[in-house]
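This briefing covers the cavities, pockets, chain contact and salt bridges of the structure shown below.

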Amino acid sequence: MQPPPSDDKGVLPHDHPGIVADDLVIRRISEQFIVNDPRSGGRRISSMAYRESSTGHGGMSVDLERLILEAGIDPRVFATTPRWIGSVYFEAGQIRSLGCRIGYDPSPDNPYHGEVWLGASKASRSLQLAAVWSVPIPEVSP
Amino acid sequence: MTTMQSSDGLALRIENKPGRTHDAAGTWREPVRSRLAELVRLPVGWDGYTGVPVKAENARFAMDLLSVTCPDAMPAPEIVPGPGGDLQVEWHNETVDIELHVRGPNDVSAWRAREGKEEELRLTDDFAVVSLWLRHFASAEGEIAAAAE
């Protein structure tokens with residue numbers, strides 16, 4: 001994967017050409033993101049799980065599944081064990097169709113780390129609707 | 001319309017509401033205080049990435065905002081942290097969703113979905129619409145509770 005563009009604040013928002021349409025993008029789901037859902041009588045993931053960070057160049061942190069697989073690691077285990085109790089995934093093409101960009105942002109702790117730059121606030125609600133469980137949290141809707 | 005000064009000197013403009021004191025003890029207050037106290041102590045990386053704990057200034061602002069906009073009869077909201085020290089205050093029932101994303105003091109994205117319609121506003125110093133939304137929500141909750149009795 002080509003190194004991403006960056007400046008002194010970190011990786012710049014970009015759409016990485018090495019991330020192709022059918023690549024899967026995984027988002028870890030902390031228990032902090034789970035809220036009660038009076039409609040279903042159960043629990044679900046808050047829209048807050050799909051928002052950009054307000055630090056650096058923003059972006060929503062994700063894991064790039066293909067890079068994890070190429071390293072010989074099970075993505076479901078990598079993205080959820082032991083503290084992150086669940087994870088959801090999206091197809092890269094689907095994210096781009098919402099007007100988002102997907103970049104590569106590796107770190108020493110996570111060489112498979114990427115970012116999604118949403119572009120518009122409504123994109124977070126669209127992502128919420130598009131999310132599919134990778135490792136489901138019991139009795140929680142995505 | 002009244003402009004109120006919170007304990008942090010934050011200007012919060014709200015609608016006048018006769019007969020209501022802002023210091024009255026709503027049942028939502030203690031759960032909110034307790035949840036905010038928990039969120040400012042989250043460990044770095046709490047979200048599985050590089051998420052930081054909720055910033056104290058954002059937690060204080062959220063409490064001040066609720067103090068001047070949230071009716072005493074409101075149920076306690078859900079409060080969800082964001083990865084950059086921000087937070088979101090949420091209420092949901094069977095027909096209405098309200099989400100207040102506190103990006104920073106006096107920087108709030110307010111969203112409501114009701115009867116198939118969505119509204120989203122960026123608010124900085126006039127939070128009258130939040131007060132109105134929450135009064136409607138509390139009123140609807142009261143009607144549901146009365147119908148169930």
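In this predicted model, the second largest cavity is lined by A:Met1, A:Ile19, A:Asp23, A:Leu24, A:Leu64, A:Glu65, A:Arg66 and A:Leu67. A cavity is a set of points, on a 1 Å grid over the protein atoms alone, where a 1.4 Å probe fits but cannot get out, and lining residues have an atom within 4 Å of a point. The model is predicted, with local features requiring pLDDT of at least 70 and side-chain atom pairs pLDDT 80 or more, while totals for chains, interfaces and linings use all residues; side-chain values use heavy atoms, without hydrogens and water. Residues are numbered from 1 along each chain as its sequence is written, and chains are lettered from A and ligands numbered from 1 in the order in which they are written.

**Cavities**

- The lining of the second largest cavity comprises five nonpolar, no polar and three charged residues, where Ala, Val, Leu, Ile, Met, Phe, Trp, Tyr, Cys and Pro count as nonpolar, Asp, Glu, Lys and Arg as charged, and the others, Gly among them, as polar.

**Salt bridges**

- Over all chains, eleven salt bridges are found, each defined as a side-chain nitrogen of Lys or Arg within 4 Å of a carboxyl oxygen of Asp or Glu.
- One of them joins A:Arg66 to A:Asp23, with the closest N and O atoms 2.9 Å apart.
- This pair connects distant parts of the chain, 43 residues apart: A:Arg66 belongs to helix 1 of chain A, and A:Asp23 to the loop between strand 2 and strand 3 of chain A.

**Pockets**

- The largest pocket has a volume of about 570 Å³, a pocket being an open set of grid points with protein on both sides within 12 Å along at least five of seven lines.
- Its lining has 32 residues, with A:Ser61, A:His113, A:Glu115, B:Tyr49 and B:Thr50 nearest the centre.
- Strand 9 of chain A gives the most to the lining of the largest pocket, with three residues.
- By class, nine nonpolar, 15 polar and eight charged residues line the largest pocket.
- The second largest pocket has a volume of about 330 Å³; of its 15 lining residues, A:Arg44, A:Arg125, A:Gln128, A:Leu129 and B:Trp111 are closest to its centre.
- Helix 4 of chain A, with three residues, gives the most to the lining of the second largest pocket, which divides into six nonpolar, two polar and seven charged residues.

**Contact between chain B and chain A**

- The contact (heavy atoms within 4.5 Å) involves 31 residues from chain B and 29 residues from chain A.
- About 2400 Å² is buried between the two chains, 48% of it on carbon and sulfur atoms; buried area is the accessible area (1.4 Å probe) that two parts lose on being put together, summed over both.
- Three salt bridges cross this interface, including that between B:Asp97 and A:Arg39 (2.8 Å, N to O).
- The side of chain B that touches chain A has eleven nonpolar, nine polar and eleven charged residues.

Note on methods. Grid points are joined across faces, edges and corners, and a volume is the space filled by probe spheres set on the points. Helices (H or I, at least four residues) and strands (E, at least two) are DSSP runs, numbered from the N terminus.
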